[in-house]
Amino acid sequence: MALFQKKKKSEALPPPRHIAIIMDGNGRWAKKRGLPRRAGHAAGAETFRTIANYCRSIGVEYLTVYAFSTENWKRSQEEISGIMELLKRYLKEAIADMEKNHVRFVFFGDLSRLSPELQTLARDAAERSKVYQGVQVNFCLNYGGRDEIVQGAQRFASEVAAGKRKPEELTEALFSDYLYSAGVPDPELVIRPSGELRTSNFLPWQSAYSEYVFMDVLWPDFKTKDLDEAIAQFHRRNRRFGGR
């Protein structure tokens, strides 16, 4: 039984306001079972659905997930097509269930490389859900942290060249407004399942003072109890933000 279910509601550990997850391990999960990688991504999509619903139920305000990176285009065309089909199916279902679930959808990344249909679905989901007050899910699609910072710098430089800004006006707070995550608080907790111990170009600016929890469980096997454990680890950390 999960930690939040064993305790009375008033005694439950409060979740971080913003949790970010690197959804990793789908391919290895499928390989261990002699299945095509596409089957791993399908299983991972169901895990995401479960975890997103759980986050909403325990009061998480923002959930950011690494769905497809700028580096993932190096994979086989068959695998990429499978991932895009899963994304398309999920967005169609999310739009259909939007009035029931009240989830806000925001997309971080350069969507221009996605298919026109997927771009339209993403824009539709974001536009139609912006009125809801429930959990906000930030999908990182065709996202790379370094690319995000470069594009933000280019946008600021363009405004300087146009006379709208002065170089000396740039501060950390102002630069954050040029990123995909403008207006979204930084994640307090970043979780990476799969046993890998790296951040893989995920939210490098936003996660400067995030607590990272690395877990030796492949994403399709990730359960609500694993999220509970990550939150429990978060509460055991001494967050000093560079102080003593």
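Ala20 sits opposite Val190 of strand β5, and strand β1 (residues 18-22) pairs with β5 in the parallel sense over three bridges. Strands, like helices, are DSSP runs numbered from the N terminus (strands E, at least two residues; helices H or I, at least four), and two strands pair if DSSP finds at least two bridges between them. This is a predicted model, where local features need pLDDT of at least 70, side-chain atom pairs count only at pLDDT 80 or more, and totals for chains, interfaces and linings use all residues. Residues are numbered from 1 along each chain as its sequence is written, and side-chain values use heavy atoms, with hydrogens and water left out.

**The sheet**
- Six strands form an open sheet in the order β3-β4-β2-β1-β5-β6, with parallel pairing.
- β3 and β6 (211-214) are at the edges with a single partner strand each, so one side of each has no neighbour in the sheet.
- From one strand to the next, the twist averages 20°.

**Around Leu189**
- Leu189 belongs to strand β5 (residues 189-192).
- Leu189 is buried, at a relative accessible area of 0% (buried means under 20%, with a 1.4 Å probe and protein chains only).
- Beyond its neighbours within four places in sequence, Leu189 has contacts (heavy atoms within 4.5 Å) that include His18, Ala20, Val213 and Phe234.
- Ile21 is 168 residues from Leu189 in sequence, yet their C-alpha atoms are 8.5 Å apart.

**Strand β3**
- Four of the five residues in β3 (residues 104-108) are buried.
- Five bridges connect β3 with the parallel strand β4 (residues 136-143), and Val106 stands opposite Asn138 in β4.

How values were computed
Buried < 20%, exposed > 50% of the residue type's maximum accessible area, 1.4 Å probe, protein only. Axes fitted to C-alpha atoms, helices over the stretch in contact; angles between N-to-C directions.
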